[in-house]
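Subject: Handover of a structure for your review

Dear colleague,

Please find below the structure that I am passing on to you. My notes on it follow.

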Amino acid sequence: FVIIELLSHLSRPVTLALRLFANMTGGELISIVLITLVPFLIPMPVMLIHLIAVFLQTYVFVVLTTVYIAGAITHAEH
């Protein structure tokens, strides 16, 4: 069980970082494709949604990382 718990604790930050990277990259790719295919003003709403999604994903990444680290640290009762 120790090995499984160790792998679980080590894999959480990696999977969170990969998810954040994939979401940000996917949004950038969609924006690039839209900009190259249509006039500039049409992809603006999609770019705004992408910008909001990136900030939201970053916030979730920070909160989950903080929760995981806080859960891994044990505090002694005083």
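UniProt, in an unreviewed entry, places the feature "transmembrane region" at residues 20–42 and 48–73; its positions are given in the numbering used here, feature names are shortened, and annotations may be inferred rather than shown by experiment. The model itself is predicted: local features need pLDDT of at least 70, side-chain atom pairs count only at pLDDT 80 or more, and totals for chains, interfaces and linings use all residues. Residues are numbered from 1 along each chain as its sequence is written, and side-chain values use heavy atoms, with hydrogens and water left out.

Over residues 20–42 the chain is 78% helix and 0% strand, with end C-alpha atoms 26 Å apart. Over residues 48–73 the figures are 96% helix and 0% strand, and the end C-alpha atoms lie 38 Å apart. The protein chain has 2 helices and 0 strands; helices (H or I, at least four residues) and strands (E, at least two) are DSSP runs, numbered from the N terminus.

As to overall form, the C-alpha trace spans about 60 × 30 × 10 Å along its principal axes. The radius of gyration of the protein chain is 18 Å, whereas a compact globule of 78 residues would have one near 12 Å; this radius is taken over C-alpha atoms, and the globule rule is 2.2 Å times the number of residues to the power 0.38. Of the 78 residues, 9% count as buried, where buried means under 20% relative accessible area, exposed over 50%, and partly exposed in between (1.4 Å probe, protein chains only). The chain exposes about 6500 Å², and carbon and sulfur atoms supply 80% of it; accessible areas come from the Shrake-Rupley method with a 1.4 Å probe, and for residues only the protein chains shown count as cover.

Helix H1 covers residues 2–37, and its end C-alpha atoms are 52 Å apart, which agrees with the 52 Å that its 36 residues should span at 1.5 Å a residue; the expected span is 1.5 Å times one less than the number of residues. H1 bends by about 30° at Ser 11, and Pro 13 follows within four residues; the bend is the angle between axes fitted to the seven residues ending at a residue and the seven starting there.

The buried residues of H1 are Leu 16, Leu 20, Gly 27 and Ser 31, and helix H2 (44–72) is included in what covers them. In H2 lies His 50, which counts as buried because its relative accessibility is 12%. Beyond its neighbours within four places in sequence, His 50 is in contact (heavy atoms within 4.5 Å) with Asn 23, Met 24, Gly 27, Glu 28 and Ser 31.

Leu 18 also lies in H1, but is exposed, with a relative accessible area of 53%. Its C-alpha atom is separated by 13 Å from that of Thr 65, 47 residues away along the chain.

With kind regards
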